[in-house]
Amino acid sequence: NPHMFLQFNITLFGRKDRLIMVHDVTRLKHLEQMRKDFVANVSHELRTPLTVLSGYIETMQMGADALPPRWKRMLQQMYEQSHRMGNIIKDLLILSRLENTHNDKPKRVQISELLTAIHNDAVALSGGRHKIELQIDSDKDISGFYNELRSAFSNLVFNAVKYTPEGGKVVIRWYMSQDHGCFSVEDNGIGIAPHHIPRLTERFYRVDPSRNAETGGTGLGLAIVKHVLGHHQAELRITSATGKGSTFLCDFPARCLLNAPSAQ
Ligand code: ADP
C-alpha cells in the first residue's frame, strides 16, 4: 500500500530522538484517482453533444440573413458561448492528460524554434495592437515535453496580450540566471492585486469574472502552466502591480537544461 512517511527530529529533556509517523494513504490515492477519472470522462463525454450543437448553430447562421435581428443576435450569442464551452472542455482534457502520469521520456525541446513559433502566434493574436518583443539570450535547450511547454508558454504569452490594453508592450525572454534557465513574459498591462497572486493557478480562479466574456478565457490556463512546470521540476514566479503590469517567470533548474547541439 502507498504510505506517507513523516520524520521528525525531536529533543526531549536534552535527549535527541527521532519520531517516525506512517500514514496509509491508499484511500486518499483512490479518491484522488476517482476525481481525475471523473473529470477526464465528463470532459470527454461532453465533446460529442457540443460538436453536434455547434454544427447546427453554424448551419443556422448560414441562413441568418432571413431572421429578425433579435434572433440573429441570439444565434451569435449561442455561437460564442458554445465556442467558449469548447475551449473549457479542451483545457480540462489537457489538464487531465497532464494529471495522469505518463511514462514518456523527455526529449530536447529547441527553445529558439519554440519561442519563435509562439511569438508569431502572439503577433497574430494581438493584430498589431501591441508591441511584442522576443529576446533569446541563451542557446540552452530544455529537456522536456514539447507540446506541454508549448501550451504552458503560449498561455502565459497570450495572457500578457489579453490583459494588456492596446498600445502596450509584451517582452518574451529566455535567459540564464546563474545555472538556471528562465523563461519570462513581461507586460505593462492591467496587473494583478497582491492578494490574488497566490490563488491564480487554482482551476477556474479569475481575478475579475466579469471580464470573462470579453477576454474569452477559461480560468484554466495558469492551472495548466503549473502542472506543466511541475512535470519539468520548474517553478512559476509571479510579480505584478495593479495598473503597471506583470511578469510571469518560469525557472528551470540546471538538470532540465541541455547545451546547444555543437555545430557540425
Ligand atoms: P484565463 O483563461 O481567465 O486567462 P488563467 O488561468 O490563464 O485564466 O488566468 C487566471 C487569471 O489571472 C485571469 O483571469 C486574469 O485575471 C489573471 N491574469 C493572468 N495573466 C495575467 C496578466 N498577464 N495580467 C493581468 N492579469 C492576468
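Start by selecting α4 (146-162), which contributes eight residues, the largest share, to the lining of the largest pocket in this predicted model; helices here are DSSP runs of H or I with at least four residues, strands are E runs of at least two, and both are numbered from the N terminus. Residues are numbered from 1 along each chain as its sequence is written, local features need pLDDT of at least 70, side-chain atom pairs count only at pLDDT 80 or more, and totals for linings use all residues. Side-chain values use heavy atoms, with hydrogens and water left out.

Next, show the largest pocket itself, which holds about 960 Å³ of space. Among its 41 lining residues, Phe 158, Asn 159, Lys 162, Tyr 163 and Gly 217 are the closest to its centre. A pocket is an open set of points on a 1 Å grid over the protein atoms alone, where a 1.4 Å probe fits, with protein on both sides within 12 Å along at least five of seven lines, and lining residues have an atom within 4 Å of a point.

Colouring by class shows 16 nonpolar, 16 polar and nine charged residues, with Asp, Glu, Lys and Arg counted as charged and Gly as polar.

Finally, move to the second largest pocket, with about 360 Å³ of space, and select Asp 104, Phe 145, Tyr 146, Asn 147 and Glu 148, the nearest to its centre of 15 lining residues. Here α2, β3 (107-109) and α4 each supply two or more residues, and α4 again has the largest share, with four.

Definitions and conventions:
Grid points are joined across faces, edges and corners, and a volume is the space filled by probe spheres set on the points.
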